[in-house]
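Here are my notes on this one, as numbered points. Have the sequence and the structure open while you go through them.

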Amino acid sequence: ILQTKLRNFRERMKIILMAVGRMQNEPLRELTAEFVRRAGRYMPLEHVEIADVRSTRSLDATRQKQLEGERILAALQPGDRLVLLDERGKEMTSRELSVSIERAAVSGLKRLVYLIGGPYGFSEEVYGRADAKLSMSRMTFTHEMARLFLAEQIYRAMTILRGEPYHHD
């Protein structure tokens, strides 16, 4: 039944992995693209990069977050469900993430957006727009590694939902 539901909603919901800045590390960029491609076989997944703020030396952290926040909010659509990757967010197992994606898909949601912010985090406006916060770990990762890990976890979630052998409990 679940696989039928996912097939029925495959073309209706899209997952967006949105992040501030361009990935500079070529091996991490390639691995991220590979997991985006793999997950895209199950449900549309797009990796969107928001241009980061240039000439940050003259800006304080608050102003930089505000400018990045304006770009983020402009990239969102009105019906998007926005999940911030934030150290104060909820930690989930891979299975719990798969359930949250399934619930979003069967609810009729059009776009599920996971957002990785800039070096100083998110503006108050972005926090105000968010529907949820997700923590990948209590440890700190580079933003590029966070993209890779999130792309892999979305792929893992898809294989869990399909009952495929990629994930082992």
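1. A word on pairing before the strands come up: two strands pair if DSSP finds at least two bridges between them. Helices (H or I, at least four residues) and strands (E, at least two) are DSSP runs, numbered from the N terminus. With that settled, the bridge partner of L82 in β4 is V113.

2. On provenance: this is a predicted model, so local features need pLDDT of at least 70 and side-chain atom pairs count only at pLDDT 80 or more, while totals for chains, interfaces and linings use all residues. Residues are numbered from 1 along each chain as its sequence is written, and side-chain values use heavy atoms, with hydrogens and water left out.

3. Strand β4 covers residues 111–116, and six of its six residues are buried (under 20% relative accessible area, with exposed over 50% and partly exposed in between; 1.4 Å probe, protein chains only). In a regular strand the side chains alternate between the two faces of the sheet. Here R111, V113 and L115 are buried on one side of β4, and L112, Y114 and I116 are buried on the other.

4. Who are the neighbours of β4? Strand β1 (residues 14–20) pairs with β4 in the parallel sense over six bridges, and L17 stands opposite Y114. Strand β3 (residues 81–91) also runs parallel to β4, joined by four bridges; R81 stands opposite L112 there.

5. β3 has a pairing with strand β5 (residues 132–135) too, parallel and over five bridges. In that pairing, K90 stands opposite L134 of β5.

6. α4 packs on helix α6 (residues 143–161) at an angle of about 75°, with the axes 8 Å apart. Axes are lines fitted to C-alpha atoms, for helices over the stretch in contact, and angles run from 0 to 180 degrees between N-to-C directions. That makes α4 roughly perpendicular to α6 (65 to 115 degrees; under 35 is roughly parallel, over 145 roughly antiparallel, the rest oblique).

7. Is T159 buried or exposed? T159 is buried, with a relative accessible area of 0%. Leaving out residues up to four places away in sequence, T159 touches Y42, E164, Y166 and H167 (contact means heavy atoms within 4.5 Å).
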